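Good morning, and thank you for coming.

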Amino acid sequence: DAAGDVLRPAKLWNDTESAPDAAALVDRLGPEAWARACGSVPVAALTITKLAWLRRCEPETFRRVARVQLPHDWLTMRLTGRPTTDRGDASGTGWWSPAEEAYRPDLLALVDPDVAWDDLLPEVAGPSEAVGEWADIAVGPGTGDNMAAALGLGLSVGDLALSFGTSGTAFCVSDRPTHDPSGAVSGFADATGAFLPLVCTLNAMKVTDAVARLLGVDHEGLDALALEAPAGAGGLVLIPHLDGERTPNRPEAVGVLSGIRADVSQAQLARAAVEGVVCNLLAGADHLPATSGPITLVGGGAHSAAIRHAVADLTGRPVATTSVGEPVARGAAVQAAAVLTGASCADVADAWSGGPQLVTEPDPTVDGAAIRSAYEAALPKDPTT
């Protein structure tokens, strides 16, 4: 508000309450116009939909808004007194254009046409710009978690990374902005001055956790079971949309187990869970710009031998897992080094790249295309389920 106080707790990125607001915003312009305007088609995760939700559900709070900031922007202002953001996080708001490197107040006008939005938005700092000082220490612009991960991994144009956490992401570095009217790809900016097209799924390791609980085993036990079963899990297919899904956009979906027989084994179910999670993320990654070479795996799932082998077998590409344990934290360190030295973030990332990697090669006897085709055939045909 005008006194600088936070008006309410920030909404989680994947909250479902904002889904109607996302749909209403898309209806106003259409998905093609949205993708070209800001690189992304609004979903519940974009900040603009949360702002629309605030206006609809908490109008009194909305009327008190004097500044719009992401949590990292607020922290930077607390440290420096300067309201700034960075292009990476700005590109996830739904009101900043990576292609134009500029805010789009016309998009915010769809939330409320009577607000002077230009006065409420922070300055967008450069990738290695010092935005101020705290206790005589330079403060960098910060960035989003996926942008920091790409920076910490030293990804270059044409590299693909898959992150298997509770949810999953697939992202690559591009030298040009992207716009996908299907909504599968979010056309983000990265932390170096380039671009970071990204696909996000809601269901990844939460699915294998659920199956491990059903089988009465821990993570290592599930991994061992999955590796016991043959590729393809004997025809058993798990569609892992346990709590709805973002990509594909099926918010009301539930999981589907297809091809189950009376002689089904624990190993087959474990394998189907792993392959279902991998197929789901790869289906989203298919919408990204073309990539080549080894695929970099990060997140908790990168520790799973079954996940590594499934990705390699289903893509026919080597899978590399890096010795960088916390790529997001490493990306923050890369940015800090760039701010302090005056070098570009990309140059620092290149200088810090390398180190030992575990490479998993694809099994030439596995028909990855057939496994992925079986997964596609098992998907519900009604896109609302």
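Which helices each supply at least two residues of the lining of the second largest pocket? They are α1 (19–29), α11 (266–285) and α15 (368–378). Please note that this is a predicted model, in which local features need pLDDT of at least 70 and side-chain atom pairs count only at pLDDT 80 or more, while totals for chains, interfaces and linings use all residues. Residues are numbered from 1 along each chain as its sequence is written, and side-chain values use heavy atoms, with hydrogens and water left out.

A pocket here is an open set of points on a 1 Å grid over the protein atoms alone, where a 1.4 Å probe fits, with protein on both sides within 12 Å along at least five of seven lines; lining residues have an atom within 4 Å of a point. The second largest pocket holds about 940 Å³ of space, a volume being the space filled by probe spheres set on the points, which are joined across faces, edges and corners. Its lining has 41 residues, and the closest to its centre are Glu 245, Arg 246, Pro 248, Asn 249 and Arg 250. Helix α1 gives the most to this lining, with four residues.

Let us turn to the whole chain. The protein chain has 15 helices and 15 strands, which are DSSP runs (helices H or I, at least four residues; strands E, at least two) numbered from the N terminus. Of its 385 residues, 51% count as buried, meaning under 20% relative accessible area with a 1.4 Å probe, protein chains only. Along the principal axes, the C-alpha atoms fill a box of roughly 65 × 45 × 35 Å.

Conventions: Buried means under 20% relative accessible area, exposed over 50%, partly exposed in between (1.4 Å probe, protein chains only).
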